[in-house]
Amino acid sequence: MHFLVPTSSSSSPSPANTSSFSLLFLAPENLSKPPAKIHIGIHGISGHSSKTTSLCAVVDRSSSNVSSRKESPDEEVLVVRRPLLENSGEDEGDKTYPAKIDAGLSKIAKKMPIFEPERSESSSSSSAAAVARAQEKPLAVNLDLSLYRAKFLARSFRYKDAEKILEKCIAYWPEDGRPYVALGKILTKQTKLSEARTVYEKGCQATQGENAYIWQCWAVLENRLGNVRRARELFDAATVADKKHVAAWHGWANLEIKQGNISKARNLLAKGLKFCGRNEYIYQTLALLEAKAGRYEQARYLFKQATISNSKSCASWLAWAQLEIQQERFPAARKLFEKAVQASPKNRFAWHVWGVFEAGIGNVERGRKLLKIGHVLNPRDPVLLQSLGLLEYKHSSANLARALLRRASELDPRHQPVWIAWGWMEWKEGNTTTARELYQRALSIDASTESAARCLQAWGVLEQRAGNLSAARRLFRSSLNINSQSYVTWMTWAQLEEDQGDSDRAEEIRNLYFQQRTEVVDDATWVTGFLDIIDPALDTVKRLLNFGQNSDNNNSQLNDTLKYMGGAKDGQSSQVAGNSVGGREDTETGSGFNLDAFLREKLSLDPSKIEVNLDSQRLGRFIRGKTSGA
């Protein structure tokens, strides 16, 4: 039984400063024995007061061996000091707060050190755990190796394995922005746009908004989804995070160009030059703006500045070559293509565009050779095989073209233009059912892209030729819902109504086109022309699929396109060759560039052994078909 009994102190302290209690330990068998008192004074240390607590403990004399003599307070008092809470400074009257002391306080007080062992041990254990975690974290060099491995897997279309590696990188190095950018791009390639957005958002949070690359990639994604206002905000955040991040300025300027804000785009490009210095991409875009305005000499000057800024920039040489092609200065364009392949010998775009150019002006053999060189240097690129397949279809056999297009679709099943070109070829061969299936396959990849709009337009022409006018109208309308600026689609639809005798409806459609066209200030679709030439293909197919169209097209061009789509293959070839050779410049090569020597010295390739890697049996069968067809 425990009794807490207050006792009187020898002195007379105030109740606020001193409290005295007697703690009685009474065993039932020792109730008759007189108790012995042990006074324990606990003195508080504070700024203005001290407290003394006197405890009276009654114990069994036989078990504790405590002396029965009267103990003097000075000799027998065990004094234990411990810090007390400071007074709040407010007078609370005569109210006292007695301390609650456990029964074994006397033993605990003797053993209590100044610092608590438990807290020290926990601190040491936490530091040991932190050291262990640091030892488990891989070295920083493993991040670079993992990123390279993920990039290699993504190029091999092993996206799942690449994602696992990048997720581990994010777990180990959450403060580094590169894994977020790489993972977001891989998800975007798989059209997992919402997941890519989540990755970019987490990356911005993990890097505390200081990584401009993540902001810029996020802005490009939002622009692709049509969230223009959000994209502007993200581009702005990228420039705030790093004002020297040239990709943010350039991407933002391109966004404004597509929205028709040419002055705003020029301002952004000027800021890019101010903060980032000379940059070939900014000069290139400024040159394209000058070319659109008809100031060709200024455009050439800016292209020259772009090549001076970076002579290895293949994109600048190719964009300049496109300007010269538009001006029908074919020898100058050819020299620029030669500069492009010398600047970047393995660049797939350079070989592809050069090959398409040569084939378009009538140099079929040279164009075929250039496309094959590009394929040998880039065996995983489907676009080169696609253009080569269309070239073989026009000048060789449909069987060989079909094999090349099938191979291209195997290299990248998600490349929409391959399926569209293959479907167009099957339609020209009279395989309407197969063409529909191929068009449907292209749309199943992504039904919201520019390629999808071209696919719907081509499919609409197919249904129009087949007599399914209601289906053709629906397909034209769906194509315009994706790309309302397509001149070919509007005029093809109007021509359909004109052929059906509904002239009023045809005129209404033409008026709708011009009305919505005027909403865009200084139409800037020409800027995407350089990107368009990266996809397929020959000039006539580009016309069919709405490549390179501008607002100056007229009904005669529409009639030429429809005539091309309905005419014979031989007639198409002669027509295109006649139109191409009608330029002001000679198309014969005379620049002095030795292509075969360049292949041997720079690329270690034998020009006589450049062939497409197809199955030998299949290739032999298609060659036999070519011979019999000829």
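**Entry: the model.** I note that this is a predicted model, in which local features need pLDDT of at least 70 and side-chain atom pairs count only at pLDDT 80 or more, while totals for chains, interfaces and linings use all residues. Residues are numbered from 1 along each chain as its sequence is written, and side-chain values use heavy atoms, with hydrogens and water left out.

**Entry: the chain as a whole.** Helices (H or I, at least four residues) and strands (E, at least two) are DSSP runs, numbered from the N terminus. The chain has 630 residues, of which 45% are buried. I then looked at contacts, meaning heavy atoms within 4.5 Å. Of the contacts with a separation of 6 or more, 57% are between residues 24 or more positions apart. The chain exposes about 33700 Å², and carbon and sulfur atoms supply 50% of that area. The area is computed by the Shrake-Rupley method with a 1.4 Å probe; for residues, only the protein chains shown count as cover.

**Entry: salt bridges.** I took a salt bridge to be a side-chain nitrogen of Lys or Arg within 4 Å of a carboxyl oxygen of Asp or Glu. The count comes to 26 salt bridges.

I returned to Arg510, which forms a salt bridge with Glu498, the closest N and O atoms being 3.6 Å apart. Arg510 lies in helix H26 (residues 503-517) and Glu498 in helix H25 (residues 487-499), so this pair ties together parts 12 residues apart in sequence. Glu498 is partly exposed, with a relative accessible area of 31%. I also recorded a network in which salt bridges with shared partners join Glu297, Arg300, Glu324 and Arg329.

Next I examined Glu426 and Arg402, whose side chains meet in a salt bridge at 2.6 Å, N to O. Glu426 belongs to helix H21 (residues 416-428) and Arg402 to helix H20 (residues 398-411), so the pair ties together parts that are 24 residues apart in sequence. Both Glu426 and Arg402 are buried.

**Entry: Glu222.** Which residue forms a salt bridge with Glu222? I found Arg197, with the closest N and O atoms 2.8 Å apart. The pair links distant parts of the chain, with Glu222 in helix H9 (residues 212-224) and Arg197 in helix H8 (residues 193-206), 25 residues apart. Glu222 is buried, with a relative accessible area of 3%, whereas Arg197 is partly exposed at 29%.

Leaving aside neighbours within four places in sequence, I list Arg197, Asn227, Arg230, Ala231 and Leu234 as the contacts of Glu222. The side chain of Glu222 also makes a polar contact with the side chain of Asn227, at 2.6 Å. A polar contact is a pair of N or O atoms within 3.5 Å; within protein, one must be able to donate a hydrogen and the other to accept it, and residues adjacent in sequence count only if both atoms are side-chain atoms. Glu222 and Leu193 are 29 residues apart in sequence and 9.2 Å apart in space, C-alpha to C-alpha.

Entry: Helix H19 (residues 382-395) has 14 residues and reaches 20 Å from its first C-alpha to its last, close to the 20 Å expected. The expected span is 1.5 Å times one less than the number of residues. In H19, 13 of the 14 residues are buried, so the helix is largely enclosed by the rest of the structure. At its start, a side-chain oxygen of Asp381 reaches to within 3.4 Å of the backbone nitrogen of Val383.

Helix H13 (residues 280-292) has 13 residues and reaches 18 Å, close to the 18 Å expected. I found H13 mostly covered, with 11 of its 13 residues buried, including Tyr283 and Leu288. At the start of H13, a side-chain oxygen of Asn279 reaches to within 2.9 Å of the backbone nitrogen of Tyr281. Gly294, whose phi is positive, near 85 degrees, follows H13.

**Entry: cysteines.** I searched for disulfides, defined as pairs of cysteine sulfur atoms within 2.5 Å, and the count comes to zero. Cys204 is in no disulfide, and the nearest cysteine sulfur, that of Cys217, is 9.6 Å away. Cys204 is buried at 7% relative accessible area, and Cys217 is buried at 11%.

Definitions and conventions. Buried < 20%, exposed > 50% of the residue type's maximum accessible area, 1.4 Å probe, protein only.
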